[in-house]
Amino acid sequence: MAEFKHTGNRRVLTGLVVSDKADKTIVVRVETLVKHPLLKKYIRRRKKFMAHDPANDCGVGDKVQIVESRPMSRRKRWHLVQILEKAV
């Protein structure tokens, strides 16, 4: 699930790498649990973020931590902080 931490004004998210096909770019899927207002059940929300991976270290299935940063391209506004778990 998503862990929201704040470092100043920058959000830090945790998610799984879905794609690493682009050069120095990864696509990270972040899941959050949101409580339904009427049913009071938890719903899983998924969102994909493109993040900068300068060393091309990540692979598909890795659990990573990303941080908000300045825009690097049209859709890329996140930066890789660390790899928490490597995929088997």
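Among contacts in the chain between residues at least 6 apart in sequence, what percentage join residues at least 24 apart? The figure is 48%, with contact meaning heavy atoms within 4.5 Å. Keep that in mind as we walk through the chain.

A word on the ground rules. This is a predicted model, where local features need pLDDT of at least 70 and side-chain atom pairs count only at pLDDT 80 or more, while totals for chains, interfaces and linings use all residues. Residues are numbered from 1 along each chain as its sequence is written, and side-chain values use heavy atoms, with hydrogens and water left out.

Let's start with the overall layout. The chain has six strands and zero helices, so reading from the N terminus you get β-β-β-β-β-β, given that elements are DSSP runs numbered from the N terminus, with helices being H or I of at least four residues and strands being E of at least two. Along the principal axes, the C-alpha atoms fill a box of roughly 45 × 35 × 20 Å. Of the 88 residues, 32% count as buried, where buried means under 20% relative accessible area, exposed means over 50%, and partly exposed is in between (1.4 Å probe, protein chains only).

Then there's charge. You'll find 21 positive and 9 negative side chains, and the centres of the two sets lie 10 Å apart. Lys and Arg count as positive and Asp and Glu as negative, leaving out His and the chain ends; each charge is placed at NZ of Lys, CZ of Arg, CG of Asp or CD of Glu.

Now for how the strands pair up, which takes at least two DSSP bridges between two strands. β3 and β4 run antiparallel and are joined by eleven bridges; one place to look is E31, whose bridge partner in β4 is R46. Their hairpin has six residues between the strands, and K40 there takes a positive phi near 60°. β5 and β6 are also an antiparallel pair, over six bridges, and here V64 has I83 in β6 as its bridge partner. β4 and β6, by contrast, pair in the parallel sense over three bridges. On that side, H52 has H79 in β6 as its bridge partner, and M50 stands opposite K76 in β6.

What sits inside? The largest nonpolar core has twelve residues: L13, V17, I26, V28, V30, F49, A51, C58, V64, I66, W78 and L80. Such a core is a set of buried Ala, Val, Leu, Ile, Met, Phe, Trp, Tyr and Cys residues joined through side-chain atoms within 4.5 Å. Two or more residues come from each of β2 (10-19), β3 (25-35), β4 (42-52), β5 (63-68) and β6 (76-85), and β3 gives the largest share, three residues. Look at the spacing of the strand members with this in mind: in a regular strand the side chains alternate between the two faces of the sheet.

Setting aside neighbours within four places in sequence, I26 is in contact with V17, S19, D20, F49, M50, A51, D53, C58, V64 and L80. The C-alpha atoms of I26 and G59 are 8.4 Å apart, although 33 residues separate the two along the chain.

R10, in strand β2, makes a handy contrast: at 46% relative accessibility, R10 is partly exposed. Its C-alpha atom is separated by 7.2 Å from that of S69, 59 residues apart along the chain.

Most residues other than glycine have a negative phi. K24, which isn't a glycine, has a positive phi of about 60°. You'll find K24 in the loop between β2 and β3, partly exposed with a relative accessible area of 39%. N56, likewise not a glycine, has a positive phi of about 55°. N56 lies in the loop between β4 and β5 and counts as partly exposed, at 40% relative accessibility.
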